[in-house]
Amino acid sequence: MATWSNLNYQNSASPLMEQIIFFHDHTLIILIMITILVAYLMMNLFFNNYINRFLLEGQMIELIWTILPAITLIFIALPSLRLLYLLDELNNPLITLKSIGHQWYWSYEYSDFNNIEFDSYMIQSNENLNNFRLLDVDNRIILPMNNQIRILVTATDVIHSWTIPSLGVKIDANPGRLNQTSFFINRPGIYYGQCSEICGANHSFMPIVIESIPMKNFINWINNYSLDDWKQVLVS
């Protein structure tokens, strides 16, 4: 999650987020080189007294300062296109998670398992529980690490946006439309996100929390969740 005075991206927890950070660094180096070059040329222009009374045209220099920016844009565009296609790629997902945005909470459904669905509301910050203000929820998403996960996102009322920065996932939740993306969590941990679409008065109060655990623990969680459901059915 983001921490104080952190000007960089959050630490990546997926291969896609690693690629996004690499592309950011690559583009930033190019921008710094351009900024230094332009600043150097402008300082020279301000502080020299050279005058050429016979300079009418400079076709060669015009050719150079037309071709060089085009080449620079190619060095940015090719990695960008590669990354865009990688983000849209869907590689045989093991689990499908459906996320439904409401004003102002999220609902989740595990489509591959019977009767696993729940709502996720923000909870109050509590020093005894060591939770984070505006970021923790009562029901976390539980997912296995080192597996491809597909997520289907929609909404019931207004446009929301399901965003987990450390996984490199940001996908809009539109009413009447089902969007999908995928991600791969490569280490265990708890990952926080928020709705990044201004969706109403309580837009700031619908966080997202993913808990990544080993596959063995995930299977135990699935079995325990199913047993709890059956107990509730028998009691009712």
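The C-alpha centres of domain 1 and domain 2 are separated by 36 Å in this predicted model. Domain 1 comprises 13-45 + 58-86 and domain 2 comprises 94-232, with bounds taken from an automatic or database domain assignment. Local features need pLDDT of at least 70 and side-chain atom pairs pLDDT 80 or more, while totals for chains, interfaces and linings use all residues. Residues are numbered from 1 along each chain as its sequence is written, and side-chain values use heavy atoms, leaving out hydrogens and water.

**Interface between the domains**
- Contact (heavy atoms within 4.5 Å) links 7 residues of domain 1 with 10 residues of domain 2.
- About 610 Å² is buried between domain 1 and domain 2, 53% of it from carbon and sulfur atoms; buried area is the accessible area (1.4 Å probe) that two parts lose on being put together, summed over both.
- On the domain 1 side, A13, S14 and M17 lose the most area to domain 2, together 67% of what that side buries.

**Residue L167**
- L167 is located in the loop between strand 6 (160-164) and strand 7 (169-173), strands being DSSP runs (E, at least two residues) numbered from the N terminus.
- L167 counts as buried because its relative accessibility is 0%, the limit being under 20% relative accessible area (1.4 Å probe, protein chains only).
- Not counting residues up to four places away in sequence, L167 touches A13, S14, M17, F183, I185 and I210.
- The C-alpha atoms of L167 and L16 lie 7.2 Å apart, with the two residues 151 residues apart along the chain.

Key:
Helices (H or I, at least four residues) and strands (E, at least two) are DSSP runs, numbered from the N terminus. Buried means under 20% relative accessible area, exposed over 50%, partly exposed in between (1.4 Å probe, protein chains only).
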